[in-house]
Amino acid sequence: MTGFGVKREGQTNRTTASGGDKGRVPPAIYNQHGVEPRPPKPNGKDCAWPQINRPEASGAKNGKGGLIDAKFMKTLGIEAMLNNIFANSQWVAGKTAESAVNRGLELQKAGSPSILCYLGEHIAEQGKVEDMMKEYTHLINLMGAKGLTTSIAVRPSPFGSDVKNYADQGKGKTVLDYCYNNLETLVALAAKNKVSVCIDMEALPFSDYTLATYKALQKEYGNVSTVLQGNVRRAEHDLRAMLKDPDFGGHPPVFRLVKGIYKEANEDGMEPVAYTGYDNIHANYAKLIGIAFEESPPGTRIVVASHHDARILEALKLSERHPDKQLELQMLMGVRTDLMKNLRAAGIPVTEYVPYGPNAFAYSARRMAKSPDFANAIMADTFKSVPAPIRPLMHKIVEGAYPILFGSKLNIEAARGNSEAAAELEQYLLELPARRGAAGQKGFDGMGKQGA
Ligand SMILES: Cc1cc2nc3c(=O)[nH]c(=O)nc-3n(C[C@H](O)[C@H](O)[C@H](O)COP(=O)(O)OP(=O)(O)OC[C@H]3O[C@@H](n4cnc5c(N)ncnc54)[C@H](O)[C@@H]3O)c2cc1C
């Protein structure tokens, strides 16, 4: 079955990253199917993480099987060449942690937070997961050393959940224990360096595990957030459950609301798990933003990560009506930079998601797939030598080349914007400083807190 499986891993002992047994039990999770983790055994050692149905069976690996996976791309160095070009584009910060931290420091100096993320997902080789751990350890230590006190993004699939032929080397009996221990090691190191960690949300099979991991880590460390997606039906339930959950050890839940990037399929004869169609997905996304403001306790920080004018406008208006809640807007580096500039000029900081790493091409192609305008701009910027009259055709080229390279069709139509909302947002931003001045409001601070 696709979707969030309700099976659980067998009896497993939780171990810490250093190999010691803490006997930790996964927390109660927000599963609308009402399945809770088995109660712990009297010795406190039994635990059962929500199982992740293999992503191959879901939409998590959209786009596999195109030319990009062909051996000759690597052999001829074509993949490396494309990665080189795109690692230095406007939406990837470079290949190294140093370059990402430099981008973060630039933003921090200008009053904008950032989220640093090393590109890569669905890692099947344990050795490569260990390399990932080394990379993130270096990144966090570098952030600490340079005084970059913002965030990093992680997710289960590059940190152990997808490892095949797993060998327990003292970091957990199963891949899910291993993954949790890896994430905990990073969260603990991040806490020491005053860095926050967002556990990004992958495709639906990962939801239960991600939420359980998030809750356990946030409860213990207080520097962790996660993501809820507008395109999945369970998100409304998950959000309400999270807002009402008293079990966070004094740390409030922190969540990012997004539209959702993974294509989720409803199966014939099964309860639908996803919203389909651009308008339905956006309608549910808008509903989630409304619930977050209307039903959360005072002091809640609500993160809205979107480039959509209407969603941003709604979030800003809701934030004005709820000055006791904190709004944080987030956008991807290099995407809708015009809008980012306008928001910042109106005194609203925008947190930038800063990806880096050598595997920049696949990420960049997915970004282009989201928007023909963006694809045009990017192509024009990246290939400056392309004659101007040809540039408007570049999205057609991307559209044609994408399925050949990645083995799946683009869904460019799905990312259309909303010009009425764009005009209204522009007007709203122009009027905001004067309205704020009249109301004696201080505005938003650097971490998205709205001054009262
Ligand atoms: C900071 C951040 C973190 C995210 N984390 C997650 C996550 O953990 N899990 C998850 O499933 N999704 C995540 N996403 C992706 C998100 O779910 C959406 O797919 C993405 O933000 C596009 O949705 P939108 O709200 O911008 O609306 P859309 O309707 O898709 O886009 C609105 C407008 O923005 C433009 N646009 C949007 N996205 C892009 C893009 N990538 N490139 C170029 N133009 C674009 C389009 O042209 C369109 O006009 C994240 C997004 C951001 C910004």
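Glutamate 125 lies in the loop between strand E3 and helix H4 (126-146), where helices (H or I, at least four residues) and strands (E, at least two) are DSSP runs numbered from the N terminus. The model described here is predicted, so that local features need pLDDT of at least 70 and side-chain atom pairs count only at pLDDT 80 or more, whereas totals for chains, interfaces and linings use all residues. Residues are numbered from 1 along each chain as its sequence is written. The C-alpha atoms of glutamate 125 and tyrosine 166 are 8.3 Å apart in space, while the two residues are 41 apart in sequence.

The loop between E3 and H4 also holds histidine 122. This histidine 122 has a positive phi of about 50 degrees although it is not a glycine. Most residues other than glycine have a negative phi. With 16 other C-beta atoms within 10 Å, histidine 122 is partly exposed. A positive phi, of about 60 degrees, is likewise found at lysine 194, again not a glycine. Lysine 194 belongs to the loop between H6 and E5 and is partly exposed, with 13 other C-beta atoms within 10 Å.

The protein chain contains 15 helices and 10 strands. Eight strands close into a barrel in the order E3-E4-E5-E6-E7-E8-E9-E10, with parallel pairing; two strands are taken to pair if DSSP finds at least two bridges between them. Neighbouring strands of this sheet are turned by 30 degrees against each other on average, direction ignored. Axes are lines fitted to C-alpha atoms, for helices over the stretch in contact, and angles run from 0 to 180 degrees between N-to-C directions. Strand E3 (residues 114-118) pairs with strand E10 (residues 350-356) in the parallel sense over five bridges, and leucine 116 stands opposite valine 354 in E10. Helix H10 (residues 309-321) packs on the sheet, where it touches strand E8 (301-305) and strand E9 (326-332), and its direction makes about 160 degrees with that of E9. Contact between two residues requires their C-beta atoms, placed from the backbone, to lie within 7 Å.

Strand E6 (residues 224-229) is mostly covered, since six of its six residues are buried. Val224, Thr226 and Leu228 point one way from E6, and Ser225, Val227 and Gln229 point the other way.

Of the 452 residues of the protein chain, 46% count as buried. The largest nonpolar core has 104 residues, of which Ile152, Leu183, Val197, Leu257, Val304, Leu329 and Val354 touch the most other members. A nonpolar core is a set of buried Ala, Val, Leu, Ile, Met, Phe, Trp, Tyr and Cys residues joined through C-beta atoms within 7 Å. Helix H6 (residues 175-192) supplies the largest share of this core, nine residues. Not counting residues up to four places away in sequence, valine 197 touches Ser151, Ile152, Val154, Leu186, Val187, Ala190, Asn223 and Val224. Among contacts in the protein chain with a separation of 6 or more, 73% join residues 24 or more positions apart.

In helix H11 (residues 337-345), Leu339, Met340 and Leu343 are buried. These residues lie on the same side of H11, because they cover an arc of only 100 degrees around the axis; the arc is that of the directions from the helix axis to the C-beta atoms. Asp338, Lys341 and Ala345 are exposed on the other side of H11. Just after H11, glycine 347 takes a positive phi of about 90 degrees. In helix H2 (residues 78-87), the buried residues are Asn83, Phe86 and Ala87. Seen down the axis of H2, these buried residues fall within an arc of 100 degrees, so they line one face of the helix.

The mean pLDDT, the predictor's confidence in each residue from 0 to 100, is 81 for the protein chain, and 77% of the residues reach 70 or more. Over residues 1-25 the pLDDT stays under 50, and the model has 65 contacts beyond four places in sequence for this stretch. The pLDDT is also below 50 over residues 57-63, a stretch with 24 contacts in the model beyond near neighbours in sequence.

Technical notes
A residue is buried if 20 or more other C-beta atoms lie within 10 Å of its own, exposed if 12 or fewer, and partly exposed in between; C-beta atoms are placed from the backbone.
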